[in-house]
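Here is a walk through the aromatic rings of one structure. Keep the 3D view open while reading.

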Amino acid sequence: MTSIAELFANQQAKLVTELFSPVSHGTTKGDTSEAGWRKLLQSFLPGRYRVATGFAVDHLGNVSLQNDIVIYDEQYSPLLWTNDHAVYIPIESVYAVLEVKQTLDLTAFTAASEKAQAVRSLTATSAPITHLTGKADVKQPITPLAGLLTQHCGWNPPFGDPLVDAMRKAGAAGQLDIGCALEGGTWVIPTDGDYESSVVVGAEHSLVFLSMQLFNLLQALGTVPRMAVPTWLEAGGVTASRLAPPDR
């Protein structure tokens, strides 16, 4: 009988193979890496989670920086705009944003942290969600997760004082909940947000740990809120009047 350890080892090898599989000819190294990570996450995560590159948008017209990877939900919010390179997603639907870089260092961490802050600064609406029982509940907006995915690690040791110092300076708004340097390993901050209690795993199981822990964090968020459509329409200047009754 195959052990869980063997299954995880096989899954790690499979994930590495998928991540570094060839993509379309002519892409840059960065584009190739981003595409590989998106493909890996979309193939691993359950169907309720969509993966793309794009922007988060709120009803006030604020737009985040472009995120290499956005994990979002399509059930309660539509995509606002799409083009050949990115999607524009209502902030209500955003579960997580992930930055992709070649090397884990302070520059990469800071860039990912700034993008996390830009997303978390947006204002989400919420409307009642009607269940099969007919009961309607309002889901409070979630705080999107944020993370950093790299191949190399510029810090030695990978998850020593430099990473802890960067986490401390980032604060709650810029917190990176999860990160991976394939050659060094993966870290994850517990759901209570205490970075000093972060857990890490080495390179041997970095991708399996990343995938499972990311899924664990997403599950802890629960369902995203339903966007308040009237609020969006009003903010967009779309007004309506009642249908006039016919003349009698």
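How many aromatic pairs does a search of the whole structure find? The search finds five. Keep in mind that this is a predicted model. A pair of aromatic rings is described by the distance of the centres and the angle of the planes. Two of the pairs are followed here.

Start with Tyr49 and Tyr95. Their rings are 5.0 Å apart, centre to centre, with 70 degrees between the planes. Planes over 60 degrees apart count as edge-to-face, and this pair is edge-to-face. Where do the partners sit in the chain? Tyr49 lies in the loop between α2 (29-44) and β1 (50-57). Tyr95 belongs to strand β5 (residues 94-100). The pair therefore ties together parts that are 46 residues apart in sequence.

Now turn to Phe55 and Tyr88. This aromatic pair is stacked. The centres are 4.7 Å apart, and the planes make an angle of 10 degrees. Stacked requires an angle under 30 degrees. Phe55 is in strand β1, and Tyr88 is in strand β4 (residues 87-90). The pair links distant parts of the chain, 33 residues apart.

Phe55 has a relative accessibility of 15%, so it counts as buried. Tyr88, at 21% relative accessible area, is partly exposed. The cut-off for buried is under 20%.

Which residues form one aromatic cluster? Phe55 and Tyr88 do, together with Trp81.

Note on methods:
Residues are numbered from 1 along each chain as its sequence is written. This is a predicted model: local features need pLDDT of at least 70, side-chain atom pairs count only at pLDDT 80 or more; totals for chains, interfaces and linings use all residues. Side-chain values use heavy atoms; hydrogens and water are left out. Rings of Phe, Tyr and Trp (its six-membered ring) pair if their centres lie within 6.5 Å; planes under 30 degrees apart count as stacked, over 60 as edge-to-face and the rest as tilted. Helices (H or I, at least four residues) and strands (E, at least two) are DSSP runs, numbered from the N terminus. Buried means under 20% relative accessible area, exposed over 50%, partly exposed in between (1.4 Å probe, protein chains only).
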